[in-house]
Amino acid sequence: MIKILLLSDTHSYIDDDILKYIKQVDEVWHAGDIGDLKVTDAIKKLKPLRGVYGNIDDAQIRLEFPEHNRFMCEGVDVWITHIGGYPKAYNIRVRDKIKQNPPKLFICGHSHILKVMPDKKLNLLHMNPGAVGKHGFHKTRTMLRFTIDGNKIDNLEVIEFNKR
């Protein structure tokens, strides 16, 4: 079983509250709009990190992180990208590929809106952790924590921080 912290849209922001949650998991996944490599460097000092770049990320971040990150975590096929859309409204960048070869877990960021929902047609779970940074229109900073055990995604928790 692997305990995962999923975050997105840090926009160069990381603090002790976020780091406290990072210390409690096995891996951290970042769904883009990192903003500054100091964020991912701080995470990597504590835990293994998987991530993607987002639309605000510069060339240096894009050299370190891909646009799409597809991998197996235990028995779960995972696809992380920054701009992905939602079930029934996937972004044109991923729409055809996701229909041709759907993962079991599809993760994106970008919207700053926390949303977890199944896509029953493609038999996948969609997650967007919202935004944990302080830049953007969101009022509450959010992250997700969950476990993957074999092919089971379980123990999903929403982590909310006080208003910005």
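Is H112 buried or exposed, and at what relative accessibility? In this predicted model, H112 counts as buried because its relative accessibility is 11%, under the 20% cut-off.

**View 1. Residues other than glycine with a positive phi, H112 and S12.** H112 lies in the loop that runs between β8 (105–107) and β9 (114–119), and its phi is near 65°, a positive value in a residue other than glycine. S12 likewise has a positive phi, near 75°, and is placed in the loop between β1 (2–7) and α1 (16–22). With 27% relative accessibility, S12 counts as partly exposed, whereas H112, at 11%, counts as buried. Most residues other than glycine have a negative phi.

**View 2. The hairpin of β4 and β5.** Strand β4 (residues 68–73) and strand β5 (residues 76–81) pair in the antiparallel sense over 6 bridges, and 2 residues lie between the strands of this hairpin, in which E74 takes a positive phi near 55°. C73 stands opposite V76 in β5. In a regular strand the side chains alternate between the two faces of the sheet. R70 counts as partly exposed because its relative accessibility is 32%, and its side chain meets that of D77 in a salt bridge with an N to O distance of 2.6 Å.

**View 3. The salt bridge between D15 and R141.** The structure holds 7 salt bridges, and in one of them the side chains of D15 and R141 meet at 3.5 Å, N to O. This pair links distant parts of the chain, 126 residues apart, with D15 in the loop between β1 and α1 and R141 in strand β11 (residues 140–149). D15 is buried, with a relative accessible area of 15%, and R141 also counts as buried, at 4% relative accessibility.

**View 4. The salt bridge between E67 and R93.** The closest N and O atoms of E67 and R93 are 3.8 Å apart. The two residues join distant parts of the chain, 26 residues apart, E67 being in the loop between α3 (59–64) and β4 and R93 in the loop between β7 and α4 (95–100). E67 is partly exposed, with a relative accessible area of 29%, and R93 counts as partly exposed at 48% relative accessibility.

**View 5. A surface patch of positive charge.** K88, R95, K99 and K121 gather in this patch. Among them, K88 is found in the loop between β6 (85–86) and β7 (89–90), and K88 counts as exposed because its relative accessibility is 88%.

Definitions and conventions
Residues are numbered from 1 along each chain as its sequence is written. This is a predicted model: local features need pLDDT of at least 70, side-chain atom pairs count only at pLDDT 80 or more; totals for chains, interfaces and linings use all residues. Side-chain values use heavy atoms; hydrogens and water are left out. Two strands pair if DSSP finds at least two bridges between them. Helices (H or I, at least four residues) and strands (E, at least two) are DSSP runs, numbered from the N terminus. Patches are made of residues with over 30% relative accessible area and no salt bridge: like charges are joined within 9 Å, nonpolar side chains (Val, Leu, Ile, Met, Phe, Trp, Tyr) within 5 Å. Accessible areas come from the Shrake-Rupley method with a 1.4 Å probe; for residues, only the protein chains shown count as cover. A salt bridge is a side-chain nitrogen of Lys or Arg within 4 Å of a carboxyl oxygen of Asp or Glu. Lys and Arg count as positive and Asp and Glu as negative; His and the chain ends are not counted. The place of a charge is taken as NZ of Lys, CZ of Arg, CG of Asp or CD of Glu. Buried means under 20% relative accessible area, exposed over 50%, partly exposed in between (1.4 Å probe, protein chains only).
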